[in-house]
Each structure stands twice: as structure tokens, then as C-alpha cells.
Amino acid sequence: MVPIAEVIIFGTIEASVYGLLALGFSLVYGVGGILNLSHGLFYLLTGYIIFWTYTTIGIVWAVILALIIIIIVGGLSYLLLIKPLQENHVAILIITFSLGFFVEQFIKVFGDAIPHTVPSFVGGAITILGVPFPSQFFVILIGSFIVIAITGLFISKSKIGKSIRAISQDREAAMLMGINADRTLMYTVMISAALAGIAAVLYVPASSIAPHMGWDVLSNSFAIVIFGGLGSLKGSVVGAFILGYTRSFVNYFIDPAFSALVPIVVIILVLLIRPRGIFGKKEVY
Amino acid sequence: MGVILEVKNLTKKYGGLTAVNDFSFEIKRGEFIGLIGPNGAGKTTVFNLISGFQRPNSGTIRFDGKDITGMAPYKIVNLGVARTFQLVRSFKLLTLLDNISVSCLSSRGKKVAKGHGVDEYASTILASVGLVDKARIPPIILPHGDLRKLQIGKALGTNPQLLLLDEPFSGLSHEEQDVITDLIIKLHDDGVTVFMTGHVLRELMHLVPRVIAMHQGKFIMDGTPQEVAKNKIVLEAYLGKGEVFA
Amino acid sequence: MSAKSLSKGKGRVKKKLSGSKSYLLNWSKTFRGRLTIICLIGLCLIPLLTQNRYYLGIFITAMIFSIFAASWDFLAGFTGQVSFGQAIFFGISGYITSYFIRYLYLPWWASLLIGSLVGVAFGLLIGIPALRLKGPYLGLATMVLGLIMFYTFLNVKFEPWLGGSEGISKIPQISRNAVETYYIHLIFMITSFLILIWIGKSKMGTVFKSIRDDDIGAEASGINLTKYKLIAFMISAFFAGIAGGLFAMHNRGVNPGVFQPLYSFYAIVMASLGGIATISGSALGSYFFWFAAELFSEWPDVSVFIFAIILILVIRFAEHGILKPVLERLKDIWDLVLGK
Ligand SMILES: Nc1ncnc2c1ncn2[C@@H]1O[C@H](COP(=O)(O)OP(=O)(O)O)[C@@H](O)[C@H]1O
Ligand SMILES: [Mg+2]
């Protein structure tokens, strides 16, 4: 039997996790024109904080603690490293890249390099079309849909969200209207950290973390964002689903060996055919 | 004297805003012509469309009989259309000589420069815009007037037939304006077709024999500066904007 | 331009041309020139102090990574394009060089050349799509491709063709004689640096720098951005390839690890430590890195950890690297010693 249910479920799960990751990455680009190469560390560090603390304080507190820390880390990385270098894009790329390395090596030096996992909130399994799936899968699905929906609402309705949209659309005009671009960018980086952190909270129990994984997170987020168009939120979500299903499809029907190749193929094809992504804005001089 | 530039039904939209609206005109070889309109009229957008930095939504642009609509900017430059920018741009960390050399190294500039050597040709141009004694310094420490001269020098390095000057006087003192005016007149005398914008009509009045006026992206009229200055729509456009006029 | 005005500029230019002839002479009289010459003489004399393969090996590693870092610096410093996948060219050339030596029995220098040229081909392959866009796409696209290469070469499925986690091993060294090997690397390093610096000072270098300073302005000056960016990218890939091939031979083998972001990070750390757009700063950064790494040779992760911190601090507080400040300090001391 063709495990079509598995293909769809796994694809949807990857898609929703990557949707969370790409959303923040894309938001930061839209608001600040910054590609944050340390994006993967938000995911990685959240996973590790939970892993390091859950045995002592319990899984619920571990999750809360990890999310608080990661949001603070996001804010600090903006205030201490990105903001002072805002004029120099090369420096921002290098410093965020180094920050990613710092965290990877920190984990290797003070922890170890082998993969770890954390327990799920829910046990048991749910059977669909005769295939049993761990209940955690459905936590991931429902959780990420709720978070993406809340983020969408937040961006369109709240005051911060409106500043975020105003700045992404027209920086100068927004600043003339009295919007503080720096503060908005700081909130955006914090939101992106929180989204990546939530992705880790949901997905790490169903998979594993290892120090090098931050780079995979980054490259997949990048592929999705290129696909959807940098700075386009709708693009990120649609891109995440296409990437998720493609990977899952390749995994099952072709060969898992090729699924790691999917992002680069996506990137190259899109750059060749539609250089600004599917939903991308036109570049203006 | 053939037509060097033919613009037909050019339209450019930004979202809901139509920055250039069904705009048409022609320029003959060797002309000296101005494009006026208050701030936001769409002059810079017209230049961006001609020089390929933006693509029109519709309409065609022909240079020397050749359709250049939507062509890459560097290709248009190498056909003989050079431009300057309203906001001055320069290669911050290169010397003035090297700033000009870059244009002399474009495929069109190279053809002329080859005979003389790139540095030599570039310093000739630097001399012709009056900056030769500053050849070895970078542009960051130049006064604004010199930066405007540098813009023109960079455009000349590509050996243009048609020169588009976007607000060449903006931000300059009267003395500096006079220097640039002399420079532009000299270029025109050397045979370059000059097309320049200005949002203050006074600046262009005594310089160019022909002016095209635009407002809110639309063509208003084409005539001598005196005719344009009498046009009701032009007057209203300027008064409505509270611009200095006369 | 009229012929009359042309002749006016002639005198000035003659001055400039005769100036460039005595350029080297003048340079050798500057403090920086003298220091460079002293360092080079010092490097030439090292084998007189020790013929120990291990100690010379540290210098050789530093030389190889000087070339690698300089290849990155050339791209970032002169054209403003930041590559985070410099390891791709380093790694692929390492593999190709090893393959040709081990299985096709080609001489090492021919294999190295082929390896580096394949690196250039990879540069073209990713440069063409990525350069259609401005800004940081290139950097990220290279990084992603580097990761993909890492997983592909690591993959057991491809092991029969790509060698799996073992890669290619047991390739002979350039020479059995450690001193000879040392000098060959020294020649590679000096030649690579001379070529990169010369390109930087050439007319093409001027065009590269104009793209870095203002790409729109360069395009308005009639410059084909894609063409020049691609050329710069290929030059950079070539020298990264030279470094990768030398590295494979020096280690007597190559494995998928060379494609990791870590290797790209090495290039970036060393070049930025020295100072971007200096080329020679890469050598300073590289020697500094490998001597320090020697201190932590028991714990390789610790040295990368420390360098990540150092790089963050350097970029944050001394954007232009440490080469210039170090030179100024040294010059002060020098002047003091000479009693000026
Ligand atoms: N890149 C752009 N994106 C959105 N709107 C633009 C852009 N460039 C110009 N506009 C708008 O188009 C109109 C014409 O602008 P412009 O051509 O710069 O006028 P001018 O040069 O005559 O002052 C203005 O309303 C301006 O706000
Ligand atoms: Mg304008």
C-alpha cells in the first residue's frame, strides 16, 4: 500500500514547523532588510534549554523558561550586535554568522555533539487510515496553526503589527508618520525568536536536536523565503507547505538521500524562473 | 536632424498611484531640452524608465530608432544614453579619477578611452568638469557642487549621445549653479543632446529653448519656456504646490 | 571630447605612469613594505630553525588558510559580495585533486589545477542564478549549497561514488621532504597574494570596488554587474580551490567535513580578524588563528568557540579588523626604538 497518509501527515508537519521558522526570518528581512544568519540558533537554543532543564523543573516550566530566555536573547542580539552595525550589511552578516557559531560551539563545549530529544506533552497514538501516528504530531499541527493564525492577527490588528507592516512597505513614510523603526525592528527580532522557539517546543519532542542543526534550520528557512519572496508573509507560509510536501514526497517515493537536496533545487529553480519569489515585491531603485 | 529619443504612451504605476501616465514626446538629435513639473510630478520616474532602472507598465521608448524599453540599464548606457541622479551618488572609497575611470571602462567608454589610455582619458574628463586638481582624493570630502560636477563627469566617461540630467542644480548656491550651467552649455556645444529636469522653472528659463511640462504624471504642454510660463495648468500646478516660480 | 582638451591631461598621466614603475621601490621603503619584507624573509628562514615535520606543518596549514581566507576577502572586500559557502570550492577542489592523484595517477600540480578549475565551474553554477539578485542572496545560497554538498558526500547511498564519511584517503604528499613541501607552500602563498593584490589594483579591481561602493551607480556607468560579479566570484573560487587542494594533500586525504559551514567560518574569521579588503590581513589572521589553535590542540571545539567570540568582538568594536591598529602600534614601537 502506498503510505499516502504518511506522506501527507509528515509533509504537513514539516510544513507547519518550517512555516513558523520562515515567518520570523521573513519578517525580520521585511522590516530591517536584514538576513539574520543566527536565526537557527533561536530554534537550537530553545531545544537545548528545555533539554537541560526539564528533568529538574518539569517540562512545562522548562518550556516557559526556554521561551522567555529566547525572546530575551533575540532582543539582546538586536540591541548589542545588529543595531550598532545597522549601516554595514557585511558586518551584520558576519556577526550573525559568528553568533550562530558561538551557540553551536557553546553547546559542543559545555554539552556534547550527539543528538538528544525531549519528552512530548502527550503520549499515545492516533490512527488515521490504518496508520498509527504519535499524538505529538497533532500537537504540532494544531499548535503551529494556532500560532501562525495568532501571528497573522497580531500583524494585522495590533499596534506593533501595524508598525511592522508600515515599515516593511515604506520605511521613510513610516518614519515620517512617527513610527520608531529601531524599536519596531527589535520587536520583530523578538517575535522571530519566539516563533522559532515555539517551533522547537513543538517539533523537538518528535525529532531530535544536535549542535549542527541550526544551519539546517537556517537553510530551509532561507529556501522557503526565497521561494515565497523575501518579506512576504503569505509567501513564507505557502513556501513552507510546498517545501514540506516536496521533501516528504521525495522521502517516500524517491529516496531519502535526495530530500536534503530539495531546498537547493527549489532555490535555484526559483531564482532562475522568478527571481523575486512567487509573492515577492518588485525591487525599486 | 533625426529623432534621437521617442517616447510613446509611457505609463508607470506604483500600486494605486500612476507616477507616469500615458506620456509621449520626441527629442531631436542635438536638442537642448528641459522637463519641468513640481515635486512629485513624475520627472525622475520618466528618467528611470528611459535609463532602464525601472520597467514601464506600458508604452515604448526608442533611442536612435532602436526599441530600448525594459532593457538592462548598462546596455542602455552602452548604446549612448547616460544619466545623472537627483541625489548624488559616487564610489565613496575610490579616488575621483577612479570614479570616472569606471565609466571609461564600460564597453562604450572603452572604445574612446582605448586610444588614449583609460587614466589619461579619465583625467581629461576630470579636467573638463573642473576637478582635475582633486583627482587623487575620494569623493566623501567634496563639497556638494563638486559632487554634482562628478556626476556629470561620470556620465561623460561613457561617451553619451544623449545625456539625462536629473535636477543638476538642486542643492547648489548661485555661484555653483553658474559653473554647472556653463559646463552643460559647453557639453551641448560639443554635440551632446541634453535632456534635463528641474522643478524650479526659473533655473531653466534662460538655458533651454524648449521645455516639456508635466504634472501628476501627465503631459501638459511642450513649447518655449515663455509659452510654458504662461500656461494656466502649469501655473496652477506650481501655485497649488506653493513652489517658487518666475 | 575635443583633441585639445585631451592633450591637456597628458602631462599628469605621464607622471602617474612613471610613478607606478617606482611603486614597488617606494612601497619597500614604507614601514608596511619593510615589515612585509621582514616577515617574508622570516618565513623563508624558518626551515633553518627547524626541520621538524610537525612544526613546519603548523606553518603550512597557516599558509594554506591564508590563501583560503584571502580568496574570501577578495570577494567580500573588493566586490562587497559575502560568501558563506567558501567551503564549497575548498572542498570540491580537495576531492577532485585527491581523486586525480589517487585514482588517475596525475602529478599533484596537474590535479591541483584541475581541482581548482572544477571549483571555478561550481562558482559559475551557483553564481549565475544567485547573481540575478542583489544583496545577500549569494551568501546564503552558497551556504545552503555547502550544506547540501556536506550531506551528499556524507550519504551512504552515494558512498560507492563519493567515498562516504571516509572520503578519499592515503594520497601521497607533495614531497617526502618536509622542507621542500614548506617552500612549495610558501611559493603558493606568495604567488596567490601577489595575484590577488595585483588584480585589486588593476582596472578590473577598480570596477569591482565601484560595484561594492554603489552598484546602481556602477550600472549607470555602463558596467555589466552580473559579468563582473561572476568574474570576481570565479577568481575567488579558484584560489579557494587552490587552498582546498593543498589542504587535502597536506592532510593526505579529504572527507565530507570540508564542506561544513565551519570551513567557511574559518575563512571569514581569519580574513575579518586581519581586516576586510586588505588581502594581507588574511595572512595575519590565519597565522594568529593556527598558532592559537595549537594552544588548544587537545580541544578543537574550544578554539572555534573562542574565535567565534573574538570575531564577534572584533566586528562589533573594530569593524576594520586588527591589521591596521597592529601596524600602527608596531610603527610607534619601531619609531621609538629608532629614537625618532
Ligand atoms: N519607487 C517608488 N515607489 C513608490 N512610489 C514612487 C516611487 N518613486 C516615485 N514614486 C512616486 O511617484 C511620483 C513621482 O515621483 P518622481 O518621479 O520622483 O517625481 P519628481 O521627480 O517629478 O519629483 C511621486 O508621487 C512619488 O511618490
Ligand atoms: Mg525627481
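Here are legends for a few close-up views of this predicted model.

**View 1. The shell around ligand 1, at a site shared between chains.** Ligand 1 has 12 residues around it, and the closest ones are B:Gly40, B:Gly42, B:Lys43, B:Thr44 and B:Thr45. The surrounding residues come from chains A and B, so this is a shared site. If you sort the shell by residue class, you get 6 nonpolar, 5 polar and 1 charged. On the secondary-structure side, β2 (17-28) and α1 of chain B each put in at least two residues. The largest share comes from α1(B), with 3 residues.

**View 2. Polar contacts to the oxygen atoms of ligand 1.** B:Lys43 takes part through its backbone instead, with a polar atom 2.8 Å from a ligand oxygen. B:Ala41 also brings in a backbone N or O atom, this one 3.2 Å from an oxygen atom of ligand 1. As for cover, ligand 1 on its own would expose 560 Å², and the protein buries 67% of that.

**View 3. The magnesium ion (ligand 2) and its protein donors.** Which atoms coordinate the magnesium ion? They are OG1 of B:Thr44 and OE1 of B:Gln86, at 2.0 to 2.2 Å. The two residues link distant parts of the chain, being 42 residues apart: B:Thr44 belongs to helix α1 (residues 43-50) of chain B, while B:Gln86 is in the loop between β6 (81-83) and α3 (96-104). B:Thr44 counts as partly exposed because its relative accessibility is 25%, and B:Gln86 gets the same label at 27%.

View 4. Now hop over to helix α10 (residues 233-254) of chain A, where A:Leu243 is found. Is this residue buried or exposed? Its relative accessibility is 3%, so A:Leu243 counts as buried. Skipping neighbours within four places in sequence, A:Leu243 is in contact with A:Asn220, A:Ile224, A:Val262, A:Pro263 and A:Val266.

Methods
Residues numbered from 1 in each chain as written. Chains lettered and ligands numbered in written order. Predicted model: local features only at pLDDT ≥ 70, side-chain atom pairs only at ≥ 80, totals over all residues. Heavy atoms only, no water. Helix = DSSP H or I, 4+ residues; strand = E, 2+ residues; numbered from the N terminus. Buried < 20%, exposed > 50% of the residue type's maximum accessible area, 1.4 Å probe, protein only. Contact = heavy atoms within 4.5 Å. Donors = N, O, S within 2.8 Å, 3.2 Å for Na, K, Ca; no water. Near = heavy atom within 4 Å. Polar contact = N/O pair within 3.5 Å; in protein donor to acceptor, adjacent residues only side chain to side chain. Areas by Shrake-Rupley, 256 points an atom, 1.4 Å probe, with all protein chains shown as cover. Nonpolar A, V, L, I, M, F, W, Y, C, P; charged D, E, K, R; others polar.
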